[in-house]
Amino acid sequence: MDNLETFYGPNAGYVLELYERFKQDPASVDASTRAVFAAWSPEGQVLEPAPFVRTESEPVAREVRSPNGSASSEQEMQEKVARVVAASALAHSIRERGHLGADLDPLGSEPPGDAALLAEAHGLSETDLMQLPPEVVGGHSAEGATNALEAINALRRMYSGTISYEFDQVKSADERKWLRDAVGLNLYHTVPTSKEVRMLLKRLTQVETFESYLQRILPGQKRFSIEGLDILVPMLDEIINGAFESETKEIIIGMAHRGRLNVLTHVLGKSYGAILAEFAHARHEEGVPLTDTFGFGWTGDVKYHLGAENILHENEEGMRVILAPNPSHLEFVNPIIEGMTRASQEIRSAGGSPVQDVDNALPILIHGDAAFPGEGVVAETLNLWHLRGYWVGGTIHIIANNQVGFTTLPEDSRSTHFASDLAKGFGIPIIHVNADDPRSCLTAVRIAHAYRDQFHKDVLIDLVGYRRWGHNEGDEPAFTQPRMYEVIRAHPTVRELYARRAEAAGDVSLEEADAMLKEAFATLEKAKREADEGLYDVDTQESEENEGDNFLYATPEPISDEQIREFNAELLSWPQDFSLNPKLARMLQRRASTLGPEGGIDWGQAEALAFATILANGTPIRLTGQDTERGTFSHRHAVLHSQDGDTYIPMQHLQQAHASFSIYNSPLSEVGALGFEYGYSVHAPETLVLWEAQFGDFANVAQVIIDQFIASGRAKWRQDSSLVLLLPHGYEGQGPEHSSARLERYLQLAAEENWRVANCSTSAQYFHLLRQQAATLRDCRRPLVVMTPKSLLRHPLSSSRLQDLTEGHFQPVIDDVKAHANPRRIRRILLCTGKVAIDLLSHESRMQSEDTAIVRVELLYPFPLEQLKKVIASYPEAREVAWVQEEPHNMGAWKYVVARLAPLVEDKLKLKLNIISRPDRSSPAAGFWDLYTAEQEYIIAEASGLPLKQPGEEHVR
């Protein structure tokens, strides 16, 4: 009972009535209530000691007395309580739903409104409110008010003006109080000096002039103008300045193309001349070849997708500001920004878990009003904010609200009142603000940044403006929104409005405002002349064809038998008082016996040993994915759980580790989780970052991240990544969604050495592949896509010996040792990759097959043509080469392989080239066990030369 704001409705009315009794006669309330009221006021202020305090117990008076001592009627008392209750309810409605009546639209549309915001809806008149004390409204609005009406009006100005708030969804009472204080005390709504007014007007002038100049010299050219949301640039300025004062070292911004050019030049410092030169070069974006200008592996991107970075305050301790590149897929940059931020915040240079400082880097995400509720990646990214593997200490979100998405109005694009409503489900405070009120907009970002600094949580600003042109400058928006654009054409810009206000306040004369315009135009004219004179080169890239050797054959540091034994012993150790599940303890201890001559190192053990050697060499590791700590197939167990609920990660306790190791189970997400890891990999170039799909089939949920970023980010933006994708793949009768990682898609995307694609058949191969990938971090970073096994995880023919780890290396092609005992007897060469190779090698027909060689292609891209040429040539009597795959004929590696093998096998070597596979299918695998079995037996029988029982058509090229 120490604060009236904790009471609402009848409770508040009852407490106030008791307090009124106490003020008239302290003896009229019971002793415990009297003790509270003696040091209490509805504002939560400490009062002077009451003049009458009785310590002995006394009965509570049964009647309420008026100031002159006469008894009030029961009806009067009830009416007074009812008015108090109604006033309290009205105040609560304004705090909770004031945004529904706020003046947020620069174009002047009526707010949606809510009856609960009207005094009449609560049975109150202005007269009633004037007769009530301000304490019934409570909070900061009552401070300085003489009655409830004045307090209500103050409350409306706070919550239903050109800035408004939604805080009720915030779960923490402390945070809600902080937010209410920030609003009620005007802590962040400062009155600018004349100098500050001029600075802001100059900034708005630069923003507007840049756009109007481009429109004048390049009418109809796409630039996705910021006009209508011009204040976004000063808002970013304000956040950046506040972050510098908070000693933030890095700000990482993600946004779509709307306003990007303006942000690039005015926030990131990209010169006008460079942007104008790109416009002059725009014809090349329409497909004109530039083979003499652009190098190997570099295609570039349109100017409104590009990123940049800038170091601010270089004379002091500098702060880096980054705008990440983003394709037209709008919100898909969101998780990438969060991953980059997490990478910036972590120190990974010592063994154990990384050390995180969330104040080191600040992420800012600028969303579209149609995309924020419309694209699921937004919700996936918001869901990451409080997860231990993904937390970044809060993100400042800004919805750049045009009130239209391309040509679609809100009533057709979302099922909520506001574009920001999705955030309420995550308990994120929301600030709505009118983009034509610069002061309120700056207040919004000050509150947002202070909240993030204080509580390290997400906060969102809904910046409501408009779009002066169409979706792009070549569109005619009046075709679909004629009334809206009739208003927009007549509506003054925010610079004009602010200049008028500044002139009226005596801060800036109209002549000064005109001089600012002329200066901004002159600066742009000068930049245009320089661009026309060729002083700014369009970004190109020198050829990198000589990187191939490093890309394929990076050499890891050698490793000895003794080191492997030491690592193995440490990985199989845990504290004595750690009560590990007995069954799991026995499973893990089996690994202690696999380093002898009999071998038996399975996939999980080989991976753990590879990680240990990589950490010993000083390379940090981050591994995430669904159920990754244990492994989908219970093969990893990198995080041990005691019977008491404690956890222990042996990899974080290696004596020889010189870098950190982190592993996290991800949420049930592919887009958000994979995007996060890509961003982390980009921003932590020295770190081996791995993402594991629960099944490879599910990776296609994240196809945008794979296509637009991982596969092509380097060619478009020079954005290097070394992310490893672990995609469980293999046909074992588990149906269409648990069989295929869609290998064909990764091969289709492979070009210009953009990544490696591998399908290993032994644990030693996987061991060497991981170590080689870590070695490429030094000078030739590329992603790695691995088709990982399921049934092969513990298969004897896939297990390895100690010597295979310490003496071997990764082999792009593994020849048939048995066949080489008598190569001239070989008439048929079977080429295959991954699990089907083990199926063929372990089949009973293998013992009788004397004329067939089984050759494993472990690296699919870059395609090892030279190695295959040597292997095929080593069988001089061969008459046929057959590609064997489990996947349907129209899937898997066949279409990719045949284009590369046919010129060699058929044209040069004059051999037949056949394909053995499942028939063409629309679904990757059968859902019926008997059909799966028949198809699998058919593939093995045809490959082994056995009698066939055809389940479907045969494919022979």
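This briefing covers the cavities inside the structure. The model is predicted: local features need pLDDT of at least 70, side-chain atom pairs count only at pLDDT 80 or more, and totals for chains, interfaces and linings use all residues. Residues are numbered from 1 along each chain as its sequence is written, and side-chain values use heavy atoms, with hydrogens and water left out. The structure holds 11 cavities of 30 Å³ or more.

**Terms**
- A cavity is a set of points, on a 1 Å grid over the protein atoms alone, where a 1.4 Å probe fits but cannot get out; lining residues have an atom within 4 Å of a point.
- Grid points are joined across faces, edges and corners, and a volume is the space filled by probe spheres set on the points.

**Largest cavity**
- Its volume is about 200 Å³.
- The lining has 20 residues, and R591, A608, R636, H637 and A638 lie nearest the centre.
- Two helices (DSSP runs of H or I, at least four residues), α20 (561–571) and α22 (603–616), each supply at least two lining residues.
- α22 gives the most, with 6 residues.
- The lining divides into 13 nonpolar, 4 polar and 3 charged residues. Ala, Val, Leu, Ile, Met, Phe, Trp, Tyr, Cys and Pro count as nonpolar, Asp, Glu, Lys and Arg as charged, and the others, Gly among them, as polar.

**Second largest cavity**
- This cavity holds about 100 Å³ of space.
- Its lining has 15 residues, with H729, N759, T833, G834 and K835 nearest the centre.
- Strands (DSSP runs of E, at least two residues) β18 (784–788) and β23 (880–888), along with helix α29 (835–842), each supply at least two lining residues.
- β23 gives the most, with 4 residues.
- By class, the lining has 6 nonpolar, 6 polar and 3 charged residues.

How values were computed. 1 Å grid on protein atoms, 1.4 Å probe; cavity = no way out; pocket = protein on both sides within 12 Å on 5 of 7 lines; lining within 4 Å.
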